[in-house]
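Please look over the model and its sequence before reading on.

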Amino acid sequence: MNPRVISFHYTLTNNKGDELDSSRSGDAFAFLEGVGQIIPGLEKVLAGLKVGDKQKVEVAAEEAYGMRDDNLVMQVEKSQLPKEDLQIGDQFQAGDDQHMQIVTVTEITASHVTLDANHPLAGEDLIFDVEITEVRPATMEELSHGHAHGAGGHHHH
Ligand code: ZN
């Protein structure tokens with residue numbers, strides 16, 4: 001079967017009912033099937049839906065952003081960080097385009113800062129309320145780039 005581009009609106013909550021994210025205020029999110037653009041536990045369910053379908057999809061942490069890994073928590077000397085006025089809870093990007101990580105500041109001492117590179121949603125069971133808005137065949141260009149284009153897809157062209 002040829003890969004498809006699937007667009008959907010979603011509201012994401014954790015298992016405590018807190019809303020974490022939503023596409024409802026903007027474009028539906030578009031992804032290319034089969035390339036790992038979205039978490040596997042969600043893609044598996046979306047692949048079986050059709051336009052107009054609404055569904056609540058519960059994805060356990062293991063199938064979402066994985067469990068927390070203590071090895072991804074590191075202490076760095078303050079002098080090694082470009083920013084001085086860091087606060088607990090600050091998030092910034094580290095690494096290059098291919099292996100971009102979001103790190104979160106979790107502790108600050110006089111000399112050191114603790115950075116946590118676990119995904120902010122690691123260890124969380126996630127609940128997606130989804131509505132499929134479009135399903136279409138992927139274009140040759142999308143297949144060669146490995147992602148969806150257009151509204152809700154990548155906007156790098
Ligand atoms: Zn592209």
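Strand E1 gives the largest share of the lining of the largest pocket, with 3 residues. The model is a predicted one. The largest pocket has a volume of about 850 Å³, and 30 residues line it. Nearest its centre lie Phe29, Gln37, Ile38, Tyr65 and His119. Two or more lining residues come from each of the strands E1 (4-14), E2 (19-22), E3 (29-32) and E7 (101-108). Sorted by class, the lining of the largest pocket holds 16 nonpolar, 12 polar and 2 charged residues.

**Residues of strand E1**

Is threonine 11 buried or exposed? Its relative accessibility is 19%, and buried means under 20%, so threonine 11 counts as buried. Threonine 13 is buried as well, because its relative accessible area is 17%.

The side chains of threonine 11 and serine 22 are joined by a polar contact of 3.4 Å. Leaving out residues up to four places away in sequence, threonine 11 touches Glu19, Asp21, Ser22, Arg24, Ile127, Phe128 and Asp129.

**Aromatic rings**

How many aromatic pairs does a search of the whole structure find? The search finds 4. In one of them, the rings of phenylalanine 8 and phenylalanine 29 have centres 5.8 Å apart and planes at 70°. Planes over 60 degrees apart count as edge-to-face, so this pair is edge-to-face. Phenylalanine 8 lies in strand E1 and phenylalanine 29 in strand E3, so the pair ties together parts that are 21 residues apart in sequence.

The two partners fall into separate accessibility classes: phenylalanine 8 counts as buried at 2% relative accessibility, whereas phenylalanine 29 counts as partly exposed at 29%. Phenylalanine 29 is also one of the residues nearest the centre of the largest pocket. Ring pairs link Phe8, Tyr10, Phe29, Phe31 and Phe128 into a cluster.

The accessibility values given so far are set out here.

| Residue | Relative accessibility | Class |
|---|---|---|
| Phenylalanine 8 | 2% | buried |
| Threonine 11 | 19% | buried |
| Threonine 13 | 17% | buried |
| Phenylalanine 29 | 29% | partly exposed |

**A loop residue**

Where does valine 51 lie? Valine 51 is in the loop between helix H1 (40-46) and strand E4 (54-59). Along the chain, valine 51 and serine 7 are 44 residues apart, while their C-alpha atoms are separated by 8.8 Å. Not counting residues up to four places away in sequence, valine 51 touches Ile132, Thr133, Glu134 and Val135.

**The whole chain**

The protein has 2 helices and 9 strands. Read from the N terminus, its elements follow the order β-β-β-α-β-β-β-β-β-β-α. Along the principal axes, the C-alpha atoms fill a box of roughly 55 × 35 × 30 Å. The protein has 157 residues, and 36% of them count as buried. Among contacts with a separation of 6 or more, 61% are between residues 24 or more positions apart.

Conventions: Residues are numbered from 1 along each chain as its sequence is written. This is a predicted model: local features need pLDDT of at least 70, side-chain atom pairs count only at pLDDT 80 or more; totals for chains, interfaces and linings use all residues. Side-chain values use heavy atoms; hydrogens and water are left out. On a 1 Å grid over the protein atoms alone, a cavity is a set of points where a 1.4 Å probe fits but cannot get out, and a pocket is an open set with protein on both sides within 12 Å along at least five of seven lines; lining residues have an atom within 4 Å of a point. Grid points are joined across faces, edges and corners, and a volume is the space filled by probe spheres set on the points. Helices (H or I, at least four residues) and strands (E, at least two) are DSSP runs, numbered from the N terminus. Ala, Val, Leu, Ile, Met, Phe, Trp, Tyr, Cys and Pro count as nonpolar, Asp, Glu, Lys and Arg as charged, and the others, Gly among them, as polar. Buried means under 20% relative accessible area, exposed over 50%, partly exposed in between (1.4 Å probe, protein chains only). A polar contact is a pair of N or O atoms within 3.5 Å; within protein, one must be able to donate a hydrogen and the other to accept it, and residues adjacent in sequence count only if both atoms are side-chain atoms. Contact means heavy atoms within 4.5 Å. Rings of Phe, Tyr and Trp (its six-membered ring) pair if their centres lie within 6.5 Å; planes under 30 degrees apart count as stacked, over 60 as edge-to-face and the rest as tilted.
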